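Let's take a friendly walk through a protein model, one piece at a time. Keep the picture open as you read.

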Amino acid sequence: MAKSNLMPLSEMHFPPSCVVCLSPAIKQFPVEQIFSYGRKNYTVKVDVPMCQPHSEAASYKGPVERLFGCLGVAGGVLIGILSVVFLLLRWQGEGGFLAKFFVGGIFGFGMFILAWWVIAILIAPRFAVRESKEARGAVKIIRFQPWDQMTQLEFGNESYAEFFNRTQ
Ligand SMILES: [Zn+2]
């Protein structure tokens, strides 16, 4: 993996070649990374150029990956409902119907999001086919400084990294 220079996000220019294979790029594929500083989260997104086959490979979801995406929703709903039932059964303190309804709703929704995120976002991509993983991992955002927008990328293709650094 070769690193780019640290530079402002808005000043990044991608040479119009596929980041995986260097053939002429005709599509853009969004690469995202979340950075946490203190209590704030920053979602950094760059659109990287890809050729037709590699942009298709990057967006392609195989049957197992899709299955885990669906399982994420189903598992999230199930865990959300179970956690609300559990919370209401264990409710010791005072509280009217409305209080229970609100707290239960928020708690259940939170558990749904958590379960969905673990299954669909963390686990599902591990079952991506090899070509998809290769294309999606061709560019990684490895550093971001929110105070001056300085960003650093890492490229799987060494030649593209050199090319990128020369064209800035
Ligand atoms: Zn390509």
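## Two helices side by side

In this predicted model, helix H2 (residues 63–89) and helix H3 (residues 97–123) have axes that come within 7 Å and cross at roughly 150 degrees. Angles over 145 degrees count as roughly antiparallel, so H2 is roughly antiparallel to H3. The crossing of the two helices is right-handed.

What kinds of residues make up the contact of H2 with H3? By class, there are 18 nonpolar, 8 polar and 1 charged residues.

In soluble globular proteins, nonpolar side chains tend to be buried together. Here, the largest nonpolar core has 18 residues, and Val19, Met50 and Phe155 have the most contacts inside it. Four elements each supply at least two residues of this core: strand E4 (40–50), helix H1 (52–59), strand E6 (150–155) and helix H5 (158–167). H5 gives the most, with 3 residues.

There is also a second, separate core, made of 7 residues. Among them are Ala115, Trp116, Ile119 and Ala124.

## A closer look at Met50

Let's zoom in on one residue. Met50 has its place in strand E4. Is Met50 buried or exposed? A residue counts as buried if 20 or more other C-beta atoms lie within 10 Å of its own. Met50 has 26 other C-beta atoms within 10 Å, so Met50 is buried.

Which residues does Met50 touch, not counting those up to four places away in sequence? They are Cys18, Val19, Val20, Ala25, Lys27, Phe29, Ser55, Ala58 and Ala135. Val19, like Met50, is one of the residues with the most contacts inside the largest nonpolar core.

## Two residues with positive phi

Now for a backbone detail. Most residues other than glycine have a negative phi. Leu22 has a positive value, near 70 degrees, and is not a glycine. You can find Leu22 in the loop between strand E2 (7–8) and strand E3 (27–37). Leu22 is partly exposed, with 14 other C-beta atoms within 10 Å.

Gln149 also has a positive phi, of about 65 degrees, although Gln149 is not a glycine. Where is Gln149 found? Look in the loop between strand E5 (139–145) and E6. Gln149 is partly exposed, with 14 other C-beta atoms within 10 Å.

Terms used. Residues numbered from 1 in each chain as written. Predicted model: local features only at pLDDT ≥ 70, side-chain atom pairs only at ≥ 80, totals over all residues. Axes fitted to C-alpha atoms, helices over the stretch in contact; angles between N-to-C directions. Parallel < 35°, antiparallel > 145°, perpendicular 65-115°, else oblique. Left-handed = near helix turned anticlockwise from the far one by under 90°. Nonpolar A, V, L, I, M, F, W, Y, C, P; charged D, E, K, R; others polar. Core = buried A, V, L, I, M, F, W, Y, C linked by C-beta atoms within 7 Å. Buried ≥ 20, exposed ≤ 12 C-beta atoms within 10 Å, placed from the backbone. Contact = placed C-beta atoms within 7 Å.
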